Amino acid sequence: MIAAPEERIESFRAADGVSLRLTRLLTGRRRVVLVAPGIFLHRDSAEHRGLARRLAAVADVATVDIRGHGDSEGAFSWGEREPGDMAALAASLRAHYDRVGGLGFSFGGHHVGVAAARHRAFDAVALVAAPRHLALDHNPLTAGLAQSLPLMVRRRRRPTRLGLPRHRPEGLTSVIGMIAPVPLLIAHGTADWLVPPSHAQALFDRAGEPKSLLMLERALHAEYILVQDPEPLVTSLLSFFDSSL
């Protein structure tokens with residue numbers, strides 16, 4: 001019998017001394033999913049608190065504030081340091097768990113994907129609306145933006161500190177093939193106005209097996225899916241991590 005999850009607020013010290021804050025839901029299981037929110041999002045957002053409660057049905061959940069976001073120190077480095085942060089945090093979780101999964105939304109998907117490819121950080125990886133590169137070729141003049149605007153207005157915000165990268169980070173398409181043979185799920189909304197659905201197809205084409213592609217009809221960008229119509233995505237994530245971790 002798995003007890004109701006216990007919520008624990010923790011800190012993790014990155015390699016350069018920056019303190020990252022995370023919320024961990026403990027269920028007594030020997031597997032955990034490490035969640036990286038998208039840019040401008042934080043672990044205490046309604047979207048991520050709700051998602052963590054749902055994922056706790058199959059694993060412990062650790063949702064981290066990316067550097068420069070929420071309660072974490074430092075400044076967001078646009079993908080220069082964040083994948084290393086995710087890899088180091090995943091390694092620290094292995095002291096408590098047999099299996100560690102990675103889940104990233106939008107830019108968080110970039111961090112998780114690069115950590116999985118370059119550092120072999122995870123035993124299962126799910127990327128939601130991850131960009132194939134960080135020079136976004138988005139088209140704001142779409143119905144998806146109009147649908148997202150009311151959700152943007154209602155979203156609870158926290159200050160975000162943005163830094164200047166010293167060099168352009170590598171694109172996810174150049175390394176995603178290195179994730180295999182770790183199971184990979186790529187999910188994307190067909191109405192995503194910020195990261196076009198073509199990014200998901202490009203990543204899927206470059207990835208190795210085992211892999212799966214979930215295109216969510218009329219779904220918006222990243223965490224907006226969790227507000228708009230979360231069930232198709234959340235159900236797929238639960239099934240994926242339950243079978244892959």
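Predicted model: local features only at pLDDT ≥ 70, side-chain atom pairs only at ≥ 80, totals over all residues.
Residues are numbered from 1 along each chain as its sequence is written, and side-chain values use heavy atoms, without hydrogens and water.

Val125 is, with Leu34 and Phe122, one of the residues with the most contacts inside the largest nonpolar core, which has 42 residues. Such a core is a set of buried Ala, Val, Leu, Ile, Met, Phe, Trp, Tyr and Cys residues joined through side-chain atoms within 4.5 Å. Buried means under 20% relative accessible area, exposed over 50%, and partly exposed in between (1.4 Å probe, protein chains only). Elements that give two or more residues to this core include strand 3 (31-36), strand 6 (124-128), strand 7 (184-189) and helix 3 (107-119). Helices (H or I, at least four residues) and strands (E, at least two) are DSSP runs, numbered from the N terminus. Helix 3 supplies the largest share, 6 residues. Apart from this core lies another, of 31 residues, among them Val33, Leu51, Leu214 and Leu233. In soluble globular proteins, nonpolar side chains tend to be buried together.

The charged end of Lys211 sits over the ring of Phe204, 4.4 Å from its centre. For this assignment, NZ of Lys or CZ of Arg must be within 6 Å of the ring centre and within 35 degrees of the ring normal.

The structure holds 4 aromatic pairs. Rings of Phe, Tyr and Trp (its six-membered ring) pair if their centres lie within 6.5 Å; planes under 30 degrees apart count as stacked, over 60 as edge-to-face and the rest as tilted. Trp78 and Phe107 form an edge-to-face pair, 5.9 Å centre to centre, with 75 degrees between the planes. The pair links distant parts of the chain, 29 residues apart. Trp78 is in the loop between strand 4 and helix 2, and Phe107 is in helix 3. Trp78 is partly exposed, at 27% relative accessible area, whereas Phe107 is buried, at 6%. Ring pairs link Phe76, Trp78 and Phe107 into a cluster.

Trp78 also has a positive phi, near 60 degrees, although it is a residue other than glycine. Phe40, likewise not a glycine, has a positive phi of about 75 degrees. Phe40 lies in the loop between strand 3 and helix 1 (46-55). Two peptide bonds can be noted here. The bond from Ala180 to Pro181 is cis, with omega near 10 degrees. A cis bond also joins Glu209 and Pro210, with omega about 0 degrees.
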